[in-house]
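User: I've got a model open and want to talk through its insides. Could you help me make sense of it?

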Amino acid sequence: MSESILTQTPAWQALAAHYQQIKNVPLRDIFANDATRGERLTAEAAGLYLDYSKQRANNETIRLLLRLADERGLRAKIDAMFRGDKINVTEQRAVLHVALRAPRSEKIFVDGVDVVPEVHAVLDKMTAFAERVRAGAWRGYTGKPIRNVVNIGIGGSDLGPVMAYEALKHYSARAMTFRFVSNVDGTDFAEATRDLDAAETLFIISSKTFTTLETMTNAHTARAWFLAQAQDEKAIAKHFVAVSTNATQVENFGIDTANMFGFWDWVGGRYSMDSAIGLSTMLAVGPENFRALLAGFRAMDEHFRAAPFESNLPVLMGLFGVWYNNFFDAQTVAVLPYDQYLKRFPAYLQQLTMESNGKHVTLDGAYITNYQTGPIYWGEPGTNGQHSFYQLIHQGTKLIPCDFIGFANPLNPLGAHHDILMSNIFAQAEALAFGKTVAQVQAEGTPAWLVPHRTFEGNRPSNVILADKLSPETLGALVALYEHAVFTQGAVWDIDSFDQWGVELGKVLAKKIIPELESVAAPDLKHDSSTNALITRYRRLRGRA
């Protein structure tokens, strides 16, 4: 069994030695010895300002991290992705979500075919459809305009659209209702449709193969729900559209293939929110805002592709992620957006980061036994999280690097609300970095027995990402920032950030178990004793013993 050699490389060894020198140096000392650090350790691109001065790092740390990126061939790997090389090696596919936001004038080839015209053909088709629906020109089977849109998908076909809808709700068509169904739990569908009129409802079924179990279960339930009111299968064509590549299955379902919006196998699900998977987003915010979203993605793409690594936002964020994950043994990253519209952003990042870099072998199949790959991403909007889990971040025994995200100008200005909100970002980052010393606590007259409880050790690292306001362009840039930071980490760890074999085994086993749960006759169970006992108990509780 071969093992990864990453930890034996010169750059890694140099970082390991440097870590021993810096691991106990307080940030308060680092700042005290560098008066310009707060202005100097910053980078800016695509409308995003990154302050990384509160990282547990000095000039030598950054030099060594950049050396690691060079040694791991990051520049060549970036070029290979943008060139359309098949860098998803286990599936022999190109990785070209960057093509989804390329301008019409650009040429990007996959197997000798320029894919940019295909991308814009789909965008144009989405635009024409969205304009008809939003204007009331697309009519349902009774002649009523569409007022309700229900997106049915799972994984990237749900997390991206629902995050984008919530993030851009300020820009959405408020006369329309948007719902999202992903969970195969019947409650999800029942609650999403409970108060809807079928005559005014459009379903978007998002499944590349049109065979995804959860999505198609919900799709067929939607079909039955609709027909219970419409009583005419021909009406399906006016109320169902598909985002798929399987025209046969789409047609068999009853959807007019003229209303099928395609995408490509070089777009991974978690990278697809700016493809036809974003049809619900375009319906909500309109084609112009959707194209602004794409422009934000594109601006960050170009920055990642061309900027020197020492001023490259995704590269810096990705490398600091490696620094904490692999040298400080920090197992998680907290993403803390101080904007209520971004309440689903941490959940979106969970799939983007953990499905991408949750891998245990290298590109050539060597087992990774001597370093960690993808950390756990989690978070909640500020200031809610401050009254929930920040206690552990400040005074717990775990090191949790944080990304704070904020905006200078609110979309809903209300009195002093926004200044109070933003003061908390700056205060939390300051408190995490510098803490409160024993001497400071004692100087406040605190009783000796209480001093340890009120002392903050500080030295907790964070990024602060600041933008003007939450706009479609800003959201696109923010998502692309994390996409490319994930890529940077995958390049260092020498893993395939674009496959997801780990989700397959459970699906296969579930398909075997479903008939065992549904069977009238007692099935011949051949699982382990725990699974057999659970199935038997479930059947008894369902009256199928």
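User: Is phenylalanine 210 buried or exposed?

Analyst: Keep in mind that this is a predicted model. Phenylalanine 210 sits in the loop between β7 (201-206) and α9 (213-230), and its phi is positive, about 60 degrees, although it is not a glycine. A residue is called buried under 20% relative accessible area. Phenylalanine 210 has 3% relative accessibility, so it counts as buried.

User: And which loop holds aspartate 494?

Analyst: Most residues other than glycine have a negative phi. Aspartate 494 has a positive one, near 60 degrees. Its place is the loop between α20 and α21 (504-518).

User: Where is the cis peptide bond, and what about its omega?

Analyst: Most peptide bonds are trans. Threonine 383, in the loop between β11 (376-378) and α16 (390-395), is one partner in the cis bond. That bond runs from glycine 382 to threonine 383, with omega near 10 degrees.

User: What is tyrosine 482 in contact with, beyond its neighbours within four places in sequence?

Analyst: Tyrosine 482 is among the residues with the most contacts inside the largest core. Leaving those sequence neighbours aside, its contacts are Met317, Val335, Phe345, Leu349, Leu352, Asp403, Ile405 and Ile465.

User: Which element supplies the largest share of the lining of the largest cavity?

Analyst: The structure holds two cavities of 30 Å³ or more, and the largest has about 200 Å³ of space. Its lining has 23 residues, with Met317, Gly321, Val333, Tyr377 and Asp403 the closest to its centre. Elements that each supply at least two lining residues include β10 (332-337), β12 (402-407) and α20. The largest share, six residues, comes from α14.

User: How many nonpolar residues are in the lining of the second largest cavity?

Analyst: That cavity has about 50 Å³ of space. Among the residues lining it are Leu100, Met126, Trp264 and Asp274. Two lining residues are polar and one is charged, while the nonpolar ones number seven.

Notes:
Residues numbered from 1 in each chain as written. Predicted model: local features only at pLDDT ≥ 70, side-chain atom pairs only at ≥ 80, totals over all residues. Heavy atoms only, no water. Core = buried A, V, L, I, M, F, W, Y, C linked by side-chain atoms within 4.5 Å. Buried < 20%, exposed > 50% of the residue type's maximum accessible area, 1.4 Å probe, protein only. Contact = heavy atoms within 4.5 Å. 1 Å grid on protein atoms, 1.4 Å probe; cavity = no way out; pocket = protein on both sides within 12 Å on 5 of 7 lines; lining within 4 Å. Points joined across faces, edges and corners; volume = space filled by probe spheres on them. Helix = DSSP H or I, 4+ residues; strand = E, 2+ residues; numbered from the N terminus. Nonpolar A, V, L, I, M, F, W, Y, C, P; charged D, E, K, R; others polar.
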